[in-house]
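Subject: Structure for you to look at

Hello,

Here is the structure I said I would pass on. Please open it next to this message and follow along.

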Amino acid sequence: GANMDEVKVYMIANLNIEDKETYRTYEKGFFPVLQKHGGEFITYDDSIDHLEGSTPLKGRVVFFSFPSETAARKWYSDPEYQELSKYRRKGAPLVSLTMVKGLPPRN
């Protein structure tokens, strides 16, 4: 079977921006660290539409991807990212950060 690590993964971050200036510091550093690990920014939305269900996402939703689960975990545990994420934790507390695995290639 295919090695699971060949599967692309998608990250969904939901956060509440409480301090724009502090969050901007995080944002500036985010893209270089994302690219360092082969990550790709997809989109973000500050006014998502909640259609159904009892637990709506609130605030900003950000979508990005990595070529593999290993790359995603290396990004998250990178000391450079953890240092940077102090600004996110202070300026825009996370509601959630979720990894969604892509489908394996069909043989």
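What follows is a short account of what was found in it.

This is a predicted model, in which local features need pLDDT of at least 70 and side-chain atom pairs count only at pLDDT 80 or more, while totals for chains, interfaces and linings use all residues. Residues are numbered from 1 along each chain as its sequence is written, and side-chain values use heavy atoms, with hydrogens and water left out.

The sheet

Helices (H or I, at least four residues) and strands (E, at least two) are DSSP runs, numbered from the N terminus. The model has an open sheet of 4 strands in the order β2-β3-β1-β4, with antiparallel pairing; two strands pair if DSSP finds at least two bridges between them. At the edges are β2 and β4 (94-101), each of which pairs on one side only. On average, neighbouring strands are turned by 15° against each other, direction ignored. Helix α1 packs on this sheet and touches β1, β2 and β3, and its direction makes about 15° with that of β3. Axes here are lines fitted to C-alpha atoms, for helices over the stretch in contact, and angles run from 0 to 180 degrees between N-to-C directions. Contact means heavy atoms within 4.5 Å.

Strand β3 (residues 60-66) is mostly covered, with 6 of its 7 residues buried. Buried means under 20% relative accessible area, exposed over 50%, and partly exposed in between (1.4 Å probe, protein chains only). Strand β1 (residues 9-15) runs antiparallel to β3 and is joined to it by 7 bridges. Within β3, Phe-63 stands opposite Ile-12, and Val-61 is the bridge partner of Asn-14. Strand β2 (residues 40-45) is also antiparallel to β3, with 5 bridges between them; here Glu-40 has Ser-65 of β3 as its bridge partner.

The aromatic rings

A search of the whole structure finds 13 aromatic pairs. Rings of Phe, Tyr and Trp (its six-membered ring) pair if their centres lie within 6.5 Å; planes under 30 degrees apart count as stacked, over 60 as edge-to-face and the rest as tilted. Phe-31 and Phe-41 form an edge-to-face pair, 5.5 Å centre to centre with 70° between the planes. Phe-31 lies in helix α1 (residues 20-36) and Phe-41 in strand β2, so the pair ties together parts that are 10 residues apart in sequence. Phe-31 is partly exposed at 34% relative accessible area, and Phe-41 is partly exposed at 35%.

The rings of Trp-75 and Tyr-76 have centres 6.0 Å apart and planes at 55°, so this pair is tilted. Trp-75 is buried, at 0% relative accessibility, whereas Tyr-76 is partly exposed at 35%. Ring pairs link a cluster whose members include Phe-31, Phe-41, Trp-75, Tyr-76 and Tyr-81.

What does Trp-75 touch, leaving aside its neighbours within four places in sequence? Its contacts include Met-11, Phe-30, Leu-34, Phe-64 and Leu-97. The C-alpha atoms of Trp-75 and Gly-38 are separated by 8.9 Å, and the two residues are 37 residues apart along the chain.

Trp-75 is found in helix α2. Helix α2 (residues 69-77) packs with helix α3 (residues 79-91) at an angle of about 65°, their axes 6 Å apart. Trp-75, Tyr-76 and Ser-77 of α2 make this contact with Pro-79, Tyr-81, Gln-82 and Arg-89 of α3.

Regards
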